[in-house]
Amino acid sequence: MTADRAPGILQPGDLVVARNRKWDGRAHWVVPGRYLGEDIHGWWIFQGAGEFCSRPGAAFYTASDCVLLVPRQGEFVATFYDDSYPGDYRIYVDLATAHGWNSVRPGVTEFHMIDMDLDVIRSTTHGVFVDDEDEFEEHSPTMAYPDDMVRSMRAECAGLLDAVQAKAAPFDVSGTSTSAEWLRKGRT
């Protein structure tokens with residue numbers, strides 16, 4: 001993890017394109033959004049309804065608004081949804097490493113990360129759970145995850161599971177929660 005992962009100069013409203021890849025370098029999701037600002041937790045990006053998201057072999061238009069948190073610390077990014085989301089997720093935490101920012105031109109920045117398979121999810125119907133453990137087990141040898149990375153991701157996942165279950169900020173989920181405030185800001 002990099003000690004300083006500040007994105008450089010970003011202004012509210014700037015386009016931020018999240019470009020995710022897998023450990024072996026394969027492209028994963030590309031998701032556009034608009035920079036909202038930062039707080040003690042990290043940098044917040046509004047991803048509005050109707051945005052085009054894609055990865056090799058899949059694409060869709062987003063069904064609702066959400067906000068993405070790029071944390072100051074930790075090997076993850078977190079996406080927060082509210083009741084307007086037609087699915088049952090409210091928090092979707094992607095375990096991820098190698099966070100990085102690349103200024104493309106004034107007003108346009110790319111955010112890069114490596115998706116490490118494991119996800120911590122808060123669902124309205126299934127509670128809080130870890131997803132894609134089978135994918136992590138499969139990719140650990142096939143993508144040659146280093147042993148220390150495997151241990152680190154498992155420990156990070158356990159800590160995030162505890163934080164999401166405890167509703168510790170920024171994973172609080174009320175109408176006045178941390179993410180709800182950023183979602184309101186994105187909609188204005």
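Buried means under 20% relative accessible area, exposed means over 50%, and partly exposed lies in between (1.4 Å probe, protein chains only). By that scale Phe 129 is partly exposed, because its relative accessible area is 22%.

This is a predicted model, in which local features need pLDDT of at least 70 and side-chain atom pairs count only at pLDDT 80 or more, while totals for chains, interfaces and linings use all residues. Residues are numbered from 1 along each chain as its sequence is written, and side-chain values use heavy atoms, with hydrogens and water left out.

Helices (H or I, at least four residues) and strands (E, at least two) are DSSP runs, numbered from the N terminus. Two strands pair if DSSP finds at least two bridges between them. Strand β1 (residues 15-21) pairs with strand β2 (residues 27-38) in the antiparallel sense over 6 bridges. Within this pair, Ala 18 stands opposite Val 31 in β2. The two strands form a hairpin with 5 residues between them, and Gly 25 in the turn has a positive phi of about 95°.

On β2 there is also a pairing with strand β3 (residues 42-47), antiparallel and joined by 4 bridges. Here Gly 37 stands opposite Trp 44 in β3. β2 and β3 form a hairpin with 3 residues between them.

Helix α1 (residues 133-142) packs against helix α2 (residues 147-166) at an angle of about 165°, with their axes 11 Å apart. Axes are lines fitted to C-alpha atoms, for helices over the stretch in contact, and angles run from 0 to 180 degrees between N-to-C directions. α1 is therefore roughly antiparallel to α2, a term for angles over 145 degrees. Phe 136, Glu 137 and Ser 140 of α1 meet Val 150, Met 153 and Arg 154 of α2, where contact means heavy atoms within 4.5 Å.

Ser 140, in helix α1, is buried because its relative accessible area is 14%. A polar atom of the Ser 140 side chain lies 2.7 Å from the backbone oxygen of Phe 136. Leaving aside neighbours within four places in sequence, Ser 140 is in contact with Tyr 145 and Val 150.

In helix α3 (residues 178-187), the buried residues include Thr 178, Ser 179, Ala 180, Trp 182, Leu 183 and Gly 186. Their cover includes β2, β3, β6 and β7 (76-80).

## Asp 65

Asp 65 is placed in the loop between β5 (58-61) and β6 (66-71). Asp 65 counts as buried because its relative accessible area is 15%. The Asp 65 side chain makes a polar contact with the side chain of Arg 187 at 2.7 Å. A polar contact is a pair of N or O atoms within 3.5 Å; within protein, one must be able to donate a hydrogen and the other to accept it, and residues adjacent in sequence count only if both atoms are side-chain atoms. Not counting residues up to four places away in sequence, Asp 65 touches Phe 46, Gln 47, Gly 48, Ala 49, Tyr 81, Leu 183 and Arg 187.

## Phe 129 and Val 173

Phe 129 lies in strand β10 (residues 127-131). With residues up to four places away in sequence not counted, Phe 129 touches Asp 119, Val 120, Ile 121, Ser 123 and Leu 161. Val 173 lies in the loop between α2 and α3 and counts as partly exposed because its relative accessibility is 37%. Apart from neighbours within four places in sequence, Val 173 is in contact with Ile 91, Arg 122 and Lys 167.

The table gives C-alpha separations for these two residues.

| Pair | Apart in sequence | C-alpha to C-alpha |
|---|---|---|
| Phe 129 and Asp 14 | 115 residues | 33 Å |
| Val 173 and Arg 122 | 51 residues | 9.5 Å |

## Backbone geometry

Most residues other than glycine have a negative phi, and most peptide bonds are trans. The peptide bond from Ala 169 to Pro 170 is cis, with omega near 10°, and Pro 170 is placed in the loop between α2 and α3. Asp 117 has a positive phi near 75°. Asp 117 is found in strand β9 (residues 108-123) and counts as buried because its relative accessibility is 1%. Asp 132, not a glycine, has a positive phi of about 65° and is found in the loop between β10 and α1.

Note on methods
Angles under 35 degrees count as roughly parallel, over 145 as roughly antiparallel, 65 to 115 as roughly perpendicular and the rest as oblique.
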